[in-house]
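Subject: Handing over the model

Hi there,

Here is the structure I promised to pass on. Please have a look at it, and then read on for what turned up.

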Amino acid sequence: TTEIYTLSLHDALPISTWMTVSPASGTAPSTLSVSVSTAGLTAGTYTGSVQIAAAGASNTPGSIGVTLTVTEAPASLAVAPQTLNFQYTYGGALPPAQNVAITNAGGGTLAWTASTSTYWLGISATSGGAPASLAVSVNPANLAAGTYTENVNIAAAGANGSPAQVSVTLVVTSTQPAATLTAVASAASYQPGLASGTWVSIFGTNLSASTYTWQDSDFVNGLLPTSLQGVSVTINGVAAYVAYLSPTQINLLAPDDATLGTVQVQVTAARQNSNTLSTPKTQFAPAFFTLGGGAYVAALHADYSLVGAPGLLPGAVTQPAKPGETILLYGTGFGPTTPPLPAGQLVTTPAPLPDLPSIKIGGIAATVAFAGLVGPGLYQFNVTVPSLPNGDAAVLATIGGVATQTGVSVTVQQ
């Protein structure tokens, strides 16, 4: 028997706009084609049915359920332009920043991150949402004449087109003058001489075209930087760890090196070597860091507040030490610890000195409860203040037969 059927469509919409069936009628046996259109549909699940009716048939009408799931289109990262060009002449004005448009060429939302891998390339933000405008700038300080190319890396997790790169080219014409060194000294006492793992200051001219202090991002895998913003220093030919730059001063940590005697110090900036200066290098070069113009040892109470006469430092609260109180003194150049720690790595756990130094306050031996390294090149001494009259008491430490600088004190008040 030949059965004639007709079709009708039913779904959650008042009128079926997303589903069609072909043919709309016919005779059995036949094959029906069900198709869908997502035009105008938002993300979601849509249900409907195809009703098949055949006059005189016992099981008419028949129904076929249809489910359509519409998912949101994935985000798609788009950046423009993909190349930027800058030019700079030493001594001239910095080139203005240029903008990169970050957009979502797909669906949903797009969150992005941006990064660079070189000091001379700057970005106005490291993360955000699309659409956004990212300002890209250059800092040509301490770059020699030449052409430099680096990338701004932009990523959006889960988005098509991610990661994207913007190629940045900087052309530098002419080079800054070479550095001239005039003095090398302990960064604590400002006296000549250094030891491995000692904080050192270099003075001169044209040492750097920028002023900068190292930041957390400059430490890679717990190691201290040997180059900072295009400036590096060697002591006896070994790379030192650069912490601070300015046109007239560099602060650095002397590297590990068994050489003792006279060593040469040299700065390299903008690919140019400075003159060399000679300085004595010994196993120990102890010195206390100071406050108040160099007259007072940098010291803290046990609660980490500053030790000093009231008003010693503008804007800071300072209180004298009391006899019998344990205070913390800070210095550099006190030699290797147990276990030995490389000078070029961050200090995560205090490392004690194998032998306690002798420390006198007001000429009286102070009890030293702890002496050791608590930061790169930074030594801490927990000492008990002897019974002393009120006033400034001279502080002197000795280790390995070498004494710290004279003329430094702590203020004591009963």
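Is S246 buried or exposed? S246 is buried, with a relative accessible area of 6%; buried here means under 20% relative accessible area, exposed over 50%, and partly exposed in between (1.4 Å probe, protein chains only).

Before the rest, a word on the basis. This is a predicted model, in which local features need pLDDT of at least 70 and side-chain atom pairs count only at pLDDT 80 or more, while totals for chains, interfaces and linings use all residues. Residues are numbered from 1 along each chain as its sequence is written, and side-chain values use heavy atoms, with hydrogens and water left out.

Back to S246, which sits in the loop between β22 and β23 (strands are DSSP runs of E, at least two residues, numbered from the N terminus). Not counting residues up to four places away in sequence, S246 touches L207, S208, S210 and T211; contact means heavy atoms within 4.5 Å.

Strand β23 covers residues 249-253 and includes Q249. The side chains of Q249 and N251 are joined by a polar contact of 2.9 Å (a pair of N or O atoms within 3.5 Å; within protein, one must be able to donate a hydrogen and the other to accept it, and residues adjacent in sequence count only if both atoms are side-chain atoms). With neighbours within four places in sequence set aside, Q249 is in contact with S201, I202, F203, L207 and Y244.

In soluble globular proteins, nonpolar side chains tend to be buried together.

β24 pairs with β20 in the antiparallel sense over 5 bridges, and I235 stands opposite V265. Strand β26 (residues 277-281) also pairs with β24 in the antiparallel sense, over 5 bridges, and there the bridge partner of V265 is L277. With strand β25 (residues 272-273), β24 has 2 bridges, again antiparallel, and T268 stands opposite N273. The hairpin of β24 and β25 has 2 residues between the strands, and in it A270 takes a positive phi near 50 degrees.

Elsewhere, 5 strands form an open sheet of mixed pairing, in the order β8-β15-β14-β10-β12. β8 (83-89) and β12 (127-129) stand at the edges with a single partner strand each, so one side of each is left without a neighbour in the sheet. Strand β10 (residues 111-115) runs antiparallel to β12, joined by 3 bridges, with T113 opposite S127.

β2 runs antiparallel to strand β4 (residues 33-36), joined by 4 bridges, and V34 in β4 is the bridge partner of V21.

Best wishes

Definitions and conventions:
Two strands pair if DSSP finds at least two bridges between them.
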